[in-house]
Amino acid sequence: MILEKWVSVTLTFFFGSYIFLTGDIYLDFWERDDSFNARTIPYLVGSIGLACSAVLLYSLIWANKPASTYLKITPIVKRIIWLIILVVVYISLLEILGFIPSSVLFLSVSAYLLGERRIGLLLITGIAIPLSLWGILTVLGIYLSPGTWMLQVKDLML
């Protein structure tokens with residue numbers, strides 16, 4: 001019980017320091033008045049972490065229950081954990097595979113994980129959504145990299 005309290009105190013201190021040090025992120029003069037800039041996501045992550053660790057510390061002090069009673073691994077929690085892992089894998093594969101193949105893979109696997117079992121529907125939506133988004137971004141003049149694997153294939157063909 002004492003260890004859990006110290007861990008939550010340490011996390012609260014860490015996230016508070018993280019929010020404080022986020023103010024040191026350099027902003028260009030044109031970004032300073034924007035509502036979304038380089039500091040926005042770190043402030044959001046730090047605030048969520050600070051709130052969660054403070055709530056955990058509060059519940060440990062006043063409820064006198066171990067933290068394990070608050071974390072039940074249910075099927076929904078398992079799906080959430082798998083989706084977080086899939087997002088990390090998706091972000092990792094974006095540069096290697098490119099936008100379209102990694103998005104098709106991510107959408108298909110995540111929909112399957114969430115309970116969709118019709119393979120045809122998985123493939124149609126998994127392919128149609130990234131291709132539609134790629135088409136819209138191409139019309140708008142936003143370039144999406146094809147991925148390093150595609151560049152290597154082009155080099156081999158030459």
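This is a predicted model: local features need pLDDT of at least 70, side-chain atom pairs count only at pLDDT 80 or more; totals for chains, interfaces and linings use all residues.

Visitor: How many aromatic pairs are found in the whole structure?

Guide: The search finds three aromatic pairs. One of them is formed by phenylalanine 14 and phenylalanine 15.

Visitor: Why is the pair of phenylalanine 14 and phenylalanine 15 called edge-to-face?

Guide: Rings pair if their centres lie within 6.5 Å, and planes over 60 degrees apart count as edge-to-face. Here the distance is 5.2 Å centre to centre and the angle between the planes is 70°.

Visitor: What makes phenylalanine 15 buried, and why is phenylalanine 14 called partly exposed?

Guide: Buried means under 20% relative accessible area, exposed over 50%, and partly exposed in between. Phenylalanine 15 has 18%, and is therefore buried. Phenylalanine 14 has 44%, and is therefore partly exposed. In the chain of 158 residues, 18% count as buried.

Visitor: Why is alanine 111 called partly exposed?

Guide: Its relative accessible area is 24%. This value lies between the limits of 20% and 50%, so alanine 111 is partly exposed. Alanine 111 belongs to helix α4. Leaving aside residues up to four places away in sequence, alanine 111 touches Glu116 and Leu122.

Visitor: How are two packed helices described?

Guide: The description uses the angle between their axes and the distance between the axes. For helix α4 (residues 99–113) and helix α5 (residues 119–139), the axes come within 8 Å and cross at roughly 145°. The crossing in which α4 passes α5 is right-handed. Among the contacting residues are Leu107, Ala111 and Tyr112 of α4, and Leu122, Ile129 and Trp134 of α5.

Visitor: Which classes of residue make up the contact of α4 with α5?

Guide: The contact has 13 nonpolar, four polar and no charged residues.

Visitor: How do you know that the charged end of arginine 117 sits over the ring of tyrosine 112?

Guide: A charge sits over a ring if CZ of Arg is within 6 Å of the ring centre and within 35 degrees of the ring normal. For arginine 117 the distance from the centre is 4.0 Å. That value is within the 6 Å limit, and the arrangement is therefore recorded as a charge over the ring.

Visitor: Which elements does the chain have as a whole?

Guide: The chain has six helices and zero strands.

Conventions: Residues are numbered from 1 along each chain as its sequence is written. Side-chain values use heavy atoms; hydrogens and water are left out. Axes are lines fitted to C-alpha atoms, for helices over the stretch in contact, and angles run from 0 to 180 degrees between N-to-C directions. Helices (H or I, at least four residues) and strands (E, at least two) are DSSP runs, numbered from the N terminus. A crossing is left-handed if the near helix is turned anticlockwise from the far one by less than a right angle, and right-handed if clockwise. Contact means heavy atoms within 4.5 Å. Ala, Val, Leu, Ile, Met, Phe, Trp, Tyr, Cys and Pro count as nonpolar, Asp, Glu, Lys and Arg as charged, and the others, Gly among them, as polar. Rings of Phe, Tyr and Trp (its six-membered ring) pair if their centres lie within 6.5 Å; planes under 30 degrees apart count as stacked, over 60 as edge-to-face and the rest as tilted. Buried means under 20% relative accessible area, exposed over 50%, partly exposed in between (1.4 Å probe, protein chains only).
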